[in-house]
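Welcome, and thanks for taking a look at this one with me.

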Amino acid sequence: MTETRRPASLLPDLGLAVVLALGLAVTAVMIANSWGAAYTILNGVVGAIVCGLALLRRRDPVRAAAAGLGVAAVAVLISFVADLPQEPGPITGLALAVLVGSAIRTRPVRPAAVVAGAGLLVIAGSLLTSLDNQHGRTAVTVLDTLCWLAAVAVGLALRRADARARAATETVRRNERLELARELHDVVTHHVTGVVVQAQAAQLVGAKQPGKLPEMLAGIELAGADALAAMRRVVGLLRDADDAAPASPGPEQLTDLVTRFGRHGPPVRLRLPEGDQGWPPEVTTTVHRIVQEALTNVSRHAPHAGSVTVTVDQGPDEVSVEVVDDGPPTPARAGQRSGYGLVGMRERVRTLGGTLRAGPRDGRGWSVRATLPLPGRTPLPGRTPR
């Protein structure tokens, strides 16, 4: 599944743009008052370029940082030769810190280290040129050095946090795969048992009533095809060799799940398709897990919701499940829903060839909706959702 950046994720960049723009304006006024208006040109041009690169850094952090550091290095040389205010200026140094920190956070170790080293070289060049500068504006170098140190420290801290988050997400995905593999084991066992029983019956009946043998063989073929189809839907799932598959009961009935949730949460309205649908077990359990996770999120993030609606529907070739609530917007809901439960659900749904979307509704509340494809097959007795 692909995810797009939410408007809330753009707020830091908008804030950064405002800070950089105000900083450039204040710096220009200060230089004009102390040096003269003509001396603001280099600082303004260099600052605008580097700040622009800082705002566009997400496309390619390393190239953006390399371009910004290159512009800053040229500015250091020009300011020294032309006896201009020392470069990079404070705002340019802040923009360079954003570029360096972003590269350290997101890029592999080698290019991140190169960018950090290049930033240090720019600061060293600025310091060396300021020593021979009759105006002796070494305070700018001190500010640039502090910005570089902050960029390295923050970049490394965020890099570590991202690595831990990725590890936690991968653990959730792996656990979900193991759980689905266990369910697959039960599904295949169910089919194989049916094949064995029908084969034994065919041996007994075939000797007395040969005319029924083709029909029984066709049933055996269909059961085998169903087992293979179930295995293909979860191809790629791996299990540890030492991971035991405990004998676990099937999922709780949705009605029981909703009833239990209603005892300590807002009232829930459950809508189920009519009739005996005969869904494959992996679809049934996935529907249950999605509803369970969505209701858990409601209890955590929308305890004051007035109502919750769970809708399970079936089309010609797919099953859809949607859980919506009317909870008021909260800071926790403004960003990504906390926890890794939905990560596991996305992994499970993606494995079955479906889609899952979770996000705020228009106006009020939250929605979780999943669509699961139904394979062309015959219903399995005793495996229908309730």
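## A position in helix 1

A21 counts as partly exposed, at 45% relative accessibility; partly exposed covers what lies between buried (under 20% relative accessible area) and exposed (over 50%), with a 1.4 Å probe and protein chains only. A21 sits in helix 1, residues 7-34.

A word on the model before going on: it is predicted, with local features needing pLDDT of at least 70 and side-chain atom pairs counting only at pLDDT 80 or more, while totals for chains, interfaces and linings use all residues. Residues are numbered from 1 along each chain as its sequence is written, and side-chain values use heavy atoms, with hydrogens and water left out.

## The chain overall

The chain holds eleven helices and five strands. These are DSSP runs numbered from the N terminus, helices being H or I with at least four residues and strands E with at least two. Of its 386 residues, 39% count as buried.

The accessible surface comes to about 21000 Å², and carbon and sulfur atoms account for 61% of that; the areas come from the Shrake-Rupley method with a 1.4 Å probe, and for residues only the protein chains shown count as cover. Looking at contacts (heavy atoms within 4.5 Å) between residues at least 6 apart in sequence, 74% join residues at least 24 apart.

## One face of helix 2

Helix 2 runs over residues 40-55, and its 16 residues reach 22 Å from first C-alpha to last, close to the 22 Å expected at 1.5 Å a residue. That expected span is 1.5 Å times one less than the number of residues.

Which residues of helix 2 are buried? They are T40, L42, N43, V46, G47, V50, C51 and A54. Seen down the axis of helix 2, these buried residues fall within an arc of 155°, so they line one face of the helix; the arc is that of the directions from the helix axis to the C-beta atoms. An α-helix has 3.6 residues a turn, so residues three or four places apart point the same way.

R57 is buried, with a relative accessible area of 11%, whereas R58 is partly exposed at 42%.

The side chain of R57 makes a polar contact of 3.2 Å with the side chain of D13, and a polar contact of 2.8 Å joins the side chains of R58 and D13. A polar contact is a pair of N or O atoms within 3.5 Å; within protein, one must be able to donate a hydrogen and the other to accept it, and residues adjacent in sequence count only if both atoms are side-chain atoms. Leaving aside neighbours within four places in sequence, R57 is in contact with D13, L16, A64, V98, L99 and S102.
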